[in-house]
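Good morning, and thank you for coming.

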Amino acid sequence: MSTLSTKHLLGIKNITREDIEQIFQTADNFKEVINRPIKKVPSLRDVTIANIFFENSTRTKLSFELAEKRLSADVVNFSASSSSVKKGETLVDTVNNILAMKVDMVVMRHPNPGACVHLARHVDCSIVNAGDGAHEHPTQALLDAYSLREKLGDLTGRKVLIVGDILHSRVALSNIFCLQKLGAEVRVCGPATMIPRYIEDLGVKVMLNLKEALAWADVANMLRIQLERQDIQYFPTLREYSMQYGLNRALLEEVGRKDLIIMHPGPINRGVEITSDLVDSDYSIILDQVENGVAVRMAVLYLLAGRAKSSS
Ligand code: CP
């Protein structure tokens, strides 16, 4: 039986703070495991997991696959570009065919918002959302909050600024839900055209001036401009975007922020949302986020598989 309040991880909106704390505690154990010379435990030895990716991914796909292998699960990878989806098969039929081969869990990335929710209603296994359109990316938010907690301790009252293309970002929405559940205050900053109208209804203040926003924040999470999801042009040129909303060292020095923590979910457009030197600077915890992603995803899979017992 699962020890989380949910059979699936479809988003952060519908999980509890207790779920998040439990994932973090479990991830602490797995982080210790993956730093051992033998980075593997037998926890999911009799579980088969299918990674179904209908959209490109580097970090999330590899991170889930490593997490599964380090838990000793059997893993199959499915890529839409080489599958029978191209011949007109529905998503539910595709996944039910995969489950008929005795697959126990599905990790899915899909370009359509709500695709994972739809699938969870129609198939009989746990679904983990690895990003669905501009809706949610729950494991990204969990690894982001876990990385911040590692750096700052308790997140109550911490000020987190999310900068950039909020409108097309599943990372922004999942981060807002996760950080608020953990007691942090979240604000967003970016061009007005890229801030969704509903954002203030979530208790998130909008700041249009990056300098003022940085003066407020403990943390700046810099998002990529998602050109692949843009139907119209939301700002004149990337150069102008970068001049107004790009993060660079001169701006940090002008604001006097030596203690700011810089995050980025990746992939990074160096020189657009953030200058290359800041990506690689001591301000940045970007590679810590990637490292923690494996432990956090191990925790999610382990808890959803209902095997919450000693991991060592
Ligand atoms: N952060 C993230 O989702 O990256 P990928 O698209 O490479 O998986």
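The word "domain" is used here for a part whose bounds come from an automatic or database domain assignment. With that in mind, please note that what you see is a predicted model. The protein is divided into two parts: domain 1 takes in 12-136 + 293-311, while domain 2 covers 138-289. Taken over C-alpha atoms, the centres of domain 1 and domain 2 are 26 Å apart.

Let us turn to the interface. How many residues of each domain are in contact with the other? Domain 1 contributes 28 residues, and these are in contact with 27 residues of domain 2. Between domain 1 and domain 2, about 2,300 Å² of area is buried, and carbon and sulfur atoms give 60% of that area. On the side of domain 1, Ile12, Arg17 and Phe24 lose the most area to domain 2; together they account for 26% of what that side buries.

Polar groups also take part. Twelve residue pairs are in polar contact across the interface of domain 1 and domain 2. The count of salt bridges between domain 1 and domain 2 is three. I would also point out the salt bridge in which the side chains of Glu55 and Arg170 meet, at 2.9 Å from N to O.

Rolling a probe the size of a water molecule over the atoms shows where empty space is left. In this structure there is one cavity of 30 Å³ or more, and the largest cavity holds about 30 Å³ of space. Which residues line the largest cavity? They are Ile166, Ser169, Ala172, Leu173, Ile176, Pro196, Tyr198 and Ile199. Of the residues in this lining, seven are nonpolar, one is polar and none is charged.

Definitions and conventions:
Residues numbered from 1 in each chain as written. Predicted model: local features only at pLDDT ≥ 70, side-chain atom pairs only at ≥ 80, totals over all residues. Heavy atoms only, no water. 1 Å grid on protein atoms, 1.4 Å probe; cavity = no way out; pocket = protein on both sides within 12 Å on 5 of 7 lines; lining within 4 Å. Points joined across faces, edges and corners; volume = space filled by probe spheres on them. Nonpolar A, V, L, I, M, F, W, Y, C, P; charged D, E, K, R; others polar. Contact = heavy atoms within 4.5 Å. Buried area = accessible area lost by both parts, 1.4 Å probe. Salt bridge = Lys/Arg side-chain N within 4 Å of Asp/Glu carboxyl O. Polar contact = N/O pair within 3.5 Å; in protein donor to acceptor, adjacent residues only side chain to side chain.
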